[in-house]
Structures are given as C-alpha cells and as structure tokens.
Amino acid sequence: MSGYRPADAALIATDIEGWLARHSSKHLLRFITCGSVDDGKSTLIGRLLADTRSIPEDQLEALMADSARIGTQGARLDYALLVDGLTAEREQGITIDVAYRFFATEAAKFIVADTPGHEQYTRNMATAASTAEAAVVLIDARKGVLRQTRRHSYICRLLGVPNIVLAVNKMDLVDYDEATFRKILGDYLLFAHEIGLGHVTAIPMSGLEGDNIVERSAAMRWHDGPTLLERLEALAAVASAAEVSGPFRMPVQWVNRPNLDFRGFAGTVAQGRVRPGDQVRVLPSGRTSRVERIVTFDGDLEEAEAGQAVTLTLADEVDISRGDVIAIAGDPPECADQFEATLVWMSDEPMLPGRAYVARIGAATVNATVQTIRHAIDVNTLAETAARTLELNEIGVVHIGFDRDVAFEPYETSRELGAFILMDRATNATLGAGMIRFALRRAANIHWQAIDITREAHAAQKGQKPAVLWFTGLSGSGKSTIANLVEKKLHALGRHSFLLDGDNVRHGLNRDLGFTDADRVENIRRVGEVARLMADAGLIVLTAFISPFRAERDMVRALLPAGEFVEVFVDTPLAEAERRDVKGLYAKARAGKLSNFTGIDSPYEPPEAPEIRIDTMAESAEAAAERIVAWLMARG
C-alpha cells in the first residue's frame with residue numbers, strides 16, 4: 001500500500017496555484033461516525049483514509065509498526081489505530097475521545113469525527129454531532145439495532161444532523177447475506193420513523209475488507225445503491241448549497257476600531273449572502289442601516305456568503321456590541337428572553353432548576369436560569385417522564401430564561417442562532433447543550449410596567465439605604481438568633497426592616513418544597529426575589545437561611561445593585577453545631593432517618609469572601625449583632 005498522494009497530483013507539479021484554487025473551491029462536508037461499541041467506527045475511518053490515499057508515508061509506516069506490535073488483526077493492518085490515539089483507547093480497543101481527521105478526494109473535502117460508542121461518553125458524541133452535516137451510523141451486522149444505536153440516532157435528530165448514512169458493517173462476518181441486511185434496515189427505518197429521522201441511506205459494507213467503502217463490492221452485487229464515498233461526495237455538494245440559502249445573518253464577534261476613522265463589525269457569516277448596499281437590521285436593538293463595505297485582509301469584497309469571516313462597515317453610526325446579530329432588514333430573526341428548549345446535560349453535577357448559569361448563544365453571553373423541566377426523555381423508549389433534575393447524559397425539555405433579549409431562530413431553522421451552551425458561572429466549564437424550540441408566549445406579552453415612585457424614592461422616604469443582610473451557615477450555627485437580635489436593634493434605632501427566616505418561609509411561600517438540592521435551589525431563588533422586592537421598597541431585609549450553595553447566594557447578589565447584598569457568614573464548626581442541636585436534627589441525619597441534611601449527606605459551601613464573618617466560638621450572639629449594626633451604620 002502506498003501513502004498519501006492527491007488524486008490530482010499531476011496538477012500540483014505543473015500549476016500549484018491552479019491546484020490551490022481548485023482545492024479551496026471544493027465542497028466541504030463535516031460528518032461523524034457513531035453507533036454502539038465495537039461496531040467498527042475507527043476501522044471504517046481508517047479504511048476510508050487508506051483507500052482514498054490520505055495517509056502520509058510516515059503515518060503509514062507507524063501504522064504498520066503499531067499493527068505488528070499491538071494490532072488486533074494478526075498480520076494485517078489494524079486501521080482503527082489511525083484514529084484511536086489515546087493510550088487508553090489502544091489498550092482497551094475502544095474510542096473514548098472524539099478524533100477528527102481531514103481527507104479529500106477530487107470531488108470534495110471532508111472532516112470526519114470518530115465518536116465514542118460507550119454510553120458514558122455520550123456528551124463527547126453530542127459535541128461532535130452539533131457541527132456535523134451528516135452522520136454515518138454503524139451497525140454490526142451480527143448484532144442489529146442496539147440501545148446505543150438508538151441513543152446516537154436520537155441525538156443526531158435532536159441536534160439537527162440532516163443526513164444519515166446507515167452503515168451495516170461487518171457484512172463479511174455474516175457471509176454478505178442480503179436477508180440480514182434487509183432485516184436490520186427494516187428495524188432501523190421503523191425506529192427512524194418513530195423519532196422523525198429522515199434522509200436515511202443504507203449501505204452494506206465491510207470496513208475491514210473494504211467492501212462498498214470506496215470501491216463496489218464483488219461479494220454484494222445485490223446492492224445497487226452508492227458506495228460510502230459516493231454518498232459522502234453527494235452530500236458535500238448538498239451541504240455547501242444549504243449554507244448559503246436563506247436570509248443573511250451574522251453574529252458580531254468583535255467590534256473592530258483600530259483608529260478614529262474606522263469602525264467595523266467582525267464575524268463569520270452564519271447564513272445567506274450580503275453585498276454592499278444591502279439594508280440590514282441590528283438585533284436586538286432593531287436599528288437599521290446599510291452595508292457600506294465588506295472588508296477582509298485581502299481587500300474589499302463584492303459579496304460575502306455563509307462561512308466567510310468578514311468585517312462589515314455600515315453607513316450609519318449604530319450602537320453594536322459583541323453578541324448582537326446583523327441580519328437582512330426585510331427578514332430578521334426574532335428576539336426573546338424566555339424559551340422552550342431541548343437540553344442535553346453533560347456534567348457530572350446534576351442540572352438544578354432555579355440555579356444561575358451562564359449561556360452562550362451565537363456570540364452573545366447572557367445569564368440564564370432553567371425555570372422548569374417539562375419532562376425528561378428516555379431515548380431508548382422515547383417515553384416522556386417527570387423529572388426534578390437532569391443527570392449526566394440525560395435529555396429533557398425545559399423552560400429557560402435569559403437576563404436579556406437575544407436574537408434567535410428555532411434550532412431546526414438555524415443551528416447558529418438556535419443552539420446554546422450552559423456554563424458554570426465560576427469555572428466556565430461547559431455543563432449542557434441546548435436547542436431552542438420556540439420562544440415562550442409570555443416573553444413577547446410581558447413587559448416592565450413603568451412606575452413613578454422609584455426604589456430611590458422609597459429609600460429616601462424611610463431615610464435609609466436599602467440592604468439585604470444574608471445570614472448563611474450550618475443548621476444550628478445561630479443564624480436566626482443573631483438575625484433576630486440585629487432586627488431588634490434596628491427597630492430600636494427607628495430603621496425599617498423585615499426578617500425572612502428559613503423555617504417561617506417554609507410554612508407558607510415555600511411549603512411545597514422539600515430538601516433535595518433542586519428544592520434548596522428553588523427555595524433560595526424565591527426568597528431572593530422576595531428580598532429584592534423588599535429592598536426595592538427601601539427596607540433593610542434580613543434573611544436567615546442555610547443557603548448551602550455559593551451559586552445561589554451569588555445569584556441573589558446579582559439581583560441587587562452593587563453594595564446592597566451583605567453576606568454574613570455565621571461560622572460555626574460542624575461539631576459545635578451538632579452539640580447545640582436542640583431539635584435533634586443532626587442525630588436523625590446521622591441515624592439515616594433524615595436525608596439531604598446539610599453537613600451530613602448534603603454539602604455546605606462556605607462563603608469565600610463574605611462582607612461580615614461571625615466566629616461564634618469567639619463572639620457571642622449579642623456582640624455579633626452589635627458589630628453588624630455598627631457596620632450598617634458606618635455604611636450609611
């Protein structure tokens with residue numbers, strides 16, 4: 001076998017500029033291989049690379065050496081080793097991470113992602129599928145349609161992968177039997193119909209032997225459809241045409257202002273075409289203008305289309321920031337801040353409704369909260385089940401709210417403006433991937449009502465600065481005791497205050513909530529909203545809640561103007577809190593009679609930089625209350 005040699009190598013030798021121009025104009029297809037464990041995904045890609053002569057000589061030599069040393073095919077080349085690059089992958093003979101490979105033919109260019117088959121790595125597969133224009137779903141001809149086949153196919157449908165190639169692999173191990181292929185095809189098409197998956201092309205093949213990969217198989221003359229490569233080349237042309245269809249959209253990634261005389265808006269065209277003179281609308285502001293220039297490093301363009309990175313200048317001075325969307329004026333996308341979306345959860349930590357996250361949609365970054373989970377989806381049975389949280393690799397339909405309007409389109413219409421990721425506020429780690437279904441009606445019908453008496457007027461009437469004193473600490477730390485003393489002293493000083501106590505609130509406003517992590521998050525979200533309203537009325541609000549999670553305390557802080565949230569950490573060691581346990585709660589938790597108890601089987605995350613820290617082992621409740629009041633008086 002020879003190594004890499006472009007099919008049009010003769011042109012390289014005589015006209016390198018012509019070859020580069022021809023290569024750059026080829027259609028590009030991004031596709032994934034997916035399916036269950038040991039269906040032969042890595043072997044198939046390796047064979048595809050080999051038969052299209054896309055393996056450099058040095059890699060081919062390394063493959064020969066690795067095949068002899070750790071291969072699983074005896075004296076033959078083990079093509080899977082080309083893409084199973086991690087040591088753990090080679091040791092176990094499985095795919096763990098997503099492996100990307102580029103190759104090209106005379107007709108097209110390809111980027112293929114080899115995705116893992118194990119269920120625990122579903123998030124890796126979903127990440128690769130989010131940018132794919134086609135999916136090659138492999139099925140072992142000996143095993144038929146399996147659970148992971150269904151899972152990956154369903155995720156492909158959710159993520160809008162428009163074209164499916166059903167690769168019934170390892171046909172050599174069933175003697176190239178047509179009846180076996182037809183049975184598997186019938187089973188898969190039945191499932192595909194149930195989930196609404198269209199455009200399925202089935203191909204019987206053998207990745208190991210090369211049957212119907214690049215060349216037609218002499219052993220399966222009964223197959224009158226395309227080879228795998230023929231189908232991929234056809235899809236490349238279709239995918240390229242689809243990108244430039246539709247109205248123009250470009251998320252702004254950067255405002256380019258190198259000097260006082262130039263102001264441009266840089267981004268990658270997500271959809272459609274744009275030309276100088278086109279009337280455009282900027283979203284979410286709704287301002288309109290006209291495209292003046294399309295600027296690139298190589299000079300101005302007469303037209304830009306989907307996939308091109310450009311800088312637009314406009315005829316008018318329009319306030320545009322990163323994350324805004326420039327769209328054709330006559331057919332712009334909608335704007336909203338609340339949506340129904342499908343969410344794939346990718347974190348080991350569960351998704352909790354009410355918790356504050358960061359969302360990135362297009363080039364925009366916004367604060368986000370999952371308000372409710374409508375239902376979870378069992379991808380094996382397609383059953384819709386009730387859920388309070390989403391665990392790793394689970395999929396659910398949720399209602400989600402952003403803290404401001406964003407330009408969007410349903411995911412089935414536009415991947416670029418319909419997809420978002422959720423990130424951790426502290427670490428920026430990716431936690432989940434979402435696909436917008438539609439904007440909630442209330443997002444368009446509910447508006448802020450203008451009022452004449454402002455929060456400043458309420459505070460001035462009371463002669464004080466509003467504040468929220470947020471007492472946090474373990475059960476039994478003395479939060480309620482100290483908060484009660486502080487309010488008594490404020491009342492004696494003629495200050496207007498109100499104390500929200502954790503136990504008291506659960507008798508009314510939050511009587512429907514339990515003590516799971518999800519319920520604790522919702523408990524604090526509701527109390528935070530109430531505390532904000534009271535602060536708007538000019539009150540000094542005191543809250544005494546365990547509030548074990550930093551994320552929720554930070555969420556409440558973000559609801560208030562800077563300086564109004566005062567975190568008071570009532571710091572008491574766990575052993576001392578247990579000793580003070582007049583209600584016997586710790587004893588019940590230790591005995592297993594009380595679940596989800598903070599400090600025992602549910603974590604407490606202490607504040608990292610509280611405004612006030614009370615060491616209850618060194619300071620009495622009375623002294624602590626005096627110090628807090630003195631801190632407030634000094635604040636004004």
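## Contacts and overall make-up

Two residues are in contact when they have heavy atoms within 4.5 Å of each other. Among contacts in this protein between residues at least 6 apart in sequence, 72% join residues at least 24 apart.

You are looking at a predicted model, in which local features need pLDDT of at least 70 and side-chain atom pairs count only at pLDDT 80 or more, while totals for chains, interfaces and linings use all residues. Residues are numbered from 1 along each chain as its sequence is written, and side-chain values use heavy atoms, with hydrogens and water left out.

Of the 636 residues, 51% count as buried (under 20% relative accessible area, with a 1.4 Å probe and protein chains only).

## The largest cavity

How many cavities of 30 Å³ or more are there? There are two. A cavity is a set of points, on a 1 Å grid over the protein atoms alone, where a 1.4 Å probe fits but cannot get out; lining residues have an atom within 4 Å of a point. Its volume is the space filled by probe spheres set on the points, which are joined across faces, edges and corners.

The largest cavity has a volume of about 60 Å³. Its lining has 13 residues, and Gly-323, Val-325, Ala-364, Val-406 and Ala-407 lie nearest its centre.

## The second largest cavity

Here the space is about 50 Å³. Gln-464, Lys-465, Arg-495, Ile-540, Leu-632, Met-633, Arg-635 and Gly-636 line the second largest cavity.

Key: 1 Å grid on protein atoms, 1.4 Å probe; cavity = no way out; pocket = protein on both sides within 12 Å on 5 of 7 lines; lining within 4 Å. Buried < 20%, exposed > 50% of the residue type's maximum accessible area, 1.4 Å probe, protein only.
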